[in-house]
Amino acid sequence: MKALSDSSFSASSASLPENILVNAKSLALVENEPVCAFIYDLESLRRHVRSLMSQLPKGVELYYAIKANSEKEIIETVAPLVDGLEISSGGEIQKVLNCSLRKPFIFSGPGKLDSDLREAIKHRVEMIHLESINEIHRLENIAAEQNRQQKVLLRINPMLPDHLATKLSMAGVPTPFGIDEKQLAEAIQLVEQSEHLILSGFHVHAMSHQTDVQRHQRLLDWYLEKWGEWKALVTDTSNLCYLNVGGGMGVNYLTPDQYDWSALCRHLEQSLKQHPNPPRIRFEPGRFISAFCGYYLIQIIDIKQNHGQTFAICRGGTHHFRLPVAQSHDHPVIHLPMGNPRDYGNNRSDSWQTVTVVGQLCTPKDILSRNQSFSDLQIGDLLVLPMAGAYGYNISHTDFLCHPKPQQIFIDSDVIDAHIQRSDQHVATAC
Ligand SMILES: Cc1ncc(COP(=O)(O)O)c(C=O)c1O
């Protein structure tokens, strides 16, 4: 495990990057109402992605799974640095098309619509990852109708050894993802008989949120062992060269130690060197790319005690940031004192040790973090939840209770004009 230089885990404001601190405080000072906003640091995202790319072994590719965060500014920042983009819906095809730089894109996911497949082919999708026998038939018909030869990977749900499964497994257990390994021979035969499909390799995205790099290394080694076995089922191997090993690198929300990407890359490099006939490896992570650049900023509206517990009630909540509930964790919270601009006198928490940080929703499940220790917490103070850049806003039920959407603020040293307000509440600032 390694501490990532660009991530900021801590409950103390000292560890918050200066540009986030300054922007958070100035936002609270100019707003008439308590603030809630996502702030994204695009320069730190750029540095992080450059660093990941620079450590990849030769010939190994990395695509960004945009489902983790498909805001235009995030895609625009990441796209020039990675080999391509991974998408899983028709809506995400549009996101790729809206990007000013045209990158190769690949299409996975169960339940693809015919219209999505048509749109993907029309816009020259690089590869489609087929998830079922039925999808093979449908894609062949659509590719024939468009008179196109389409490269495909077969997504496999393999029989994983028990010790390689994770808490959030998508393979090795019954799931809607991929083709059961027992049906692989049948699927391969079908693709080989399909005149408009070119079998280019295999795809396995077995898990999300793996924080243990050694387990991940063992998983990759196991895939490399299986590659020969899977390949042996193919009659014509002339186009078969890709092994897409998915994403799934975890983010440690609760300790400063982060997934050791360099160790994974070094290990993979050695494993590929020892392999007699290695495939071309492709990664497609989402969370590990965009998580660290995002911060969820909320302001305290009320502080109160109820049945012996202290609650800080904040503008915003899990309808903007469902991640802590989705992960069943208490998200780290950084306290930014604001000099008490909205305190009515008695609501200080200085005698209270631990606080539950909640949002504005009328449900007891609207909890962002329990048992957080603060000293001198006051109404009007800001709280910042770091590592909010992946599966944060975009997985949340934003329409519940009809609260306004949070602002999305993108800080970038490349942007000269401060506070360019756009109609959809995005703001870009200089840092
Ligand atoms: C097929 C596929 N690839 C990549 C990803 C990205 O996973 P992660 O964000 O855990 O890296 C996902 C996430 O669900 C996925 O389903």
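Visitor: What share of the chain's residues count as buried?

Guide: In this predicted model, 45% of the 431 residues count as buried.

Visitor: What makes His331 buried or exposed?

Guide: Just count its neighbours. His331 has 24 other C-beta atoms within 10 Å, and the cut-off for buried is 20 or more, so His331 is buried. His331 is found in a loop, the one between α11 (323–327) and β15 (334–336).

Visitor: Which residues does His331 touch, leaving out those up to four places away in sequence?

Guide: Tyr253, Pro324, Leu368, Ser369 and Leu385. As for Ala388, 57 residues from His331 along the chain, the two C-alpha atoms are separated by 9.5 Å.

Visitor: And Arg50, why does that one count as buried or exposed?

Guide: Run the count again. Arg50 has 11 C-beta neighbours inside 10 Å, and exposed means 12 or fewer, so Arg50 counts as exposed. You'll find Arg50 in helix α2 (residues 42–55).

Visitor: Why are α8 and α9 called roughly parallel to each other?

Guide: Look at the crossing angle. The axes of helix α8 (residues 213–231) and helix α9 (residues 261–274) cross at roughly 25 degrees and come within 10 Å. Angles under 35 degrees count as roughly parallel, so α8 and α9 get that name. The crossing in which α8 passes α9 is right-handed.

Visitor: Which residues make that contact?

Guide: On α8, Val213, His216, Gln217, Leu220, Asp221 and Leu224; on α9, Ala263, Leu264, His267, Leu268 and Ser271. By class, the contact of α8 with α9 has six nonpolar, four polar and one charged residues.

Visitor: How many residues surround the ligand, and which are the closest?

Guide: 17 residues surround the ligand, and the closest are Ala65, Ser208, Gly247, Gly286 and Arg287. By class, the shell has five nonpolar, eight polar and four charged residues. Gly is among those that count as polar.

Visitor: Back to the whole chain: how many helices and strands does the secondary structure come to?

Guide: Eleven helices and 21 strands. And of the contacts in the chain with a separation of 6 or more, 72% are between residues 24 or more positions apart.

Definitions and conventions: Residues numbered from 1 in each chain as written. Predicted model: local features only at pLDDT ≥ 70, side-chain atom pairs only at ≥ 80, totals over all residues. Helix = DSSP H or I, 4+ residues; strand = E, 2+ residues; numbered from the N terminus. Contact = placed C-beta atoms within 7 Å. Axes fitted to C-alpha atoms, helices over the stretch in contact; angles between N-to-C directions. Parallel < 35°, antiparallel > 145°, perpendicular 65-115°, else oblique. Left-handed = near helix turned anticlockwise from the far one by under 90°. Near = placed C-beta within 6 Å.
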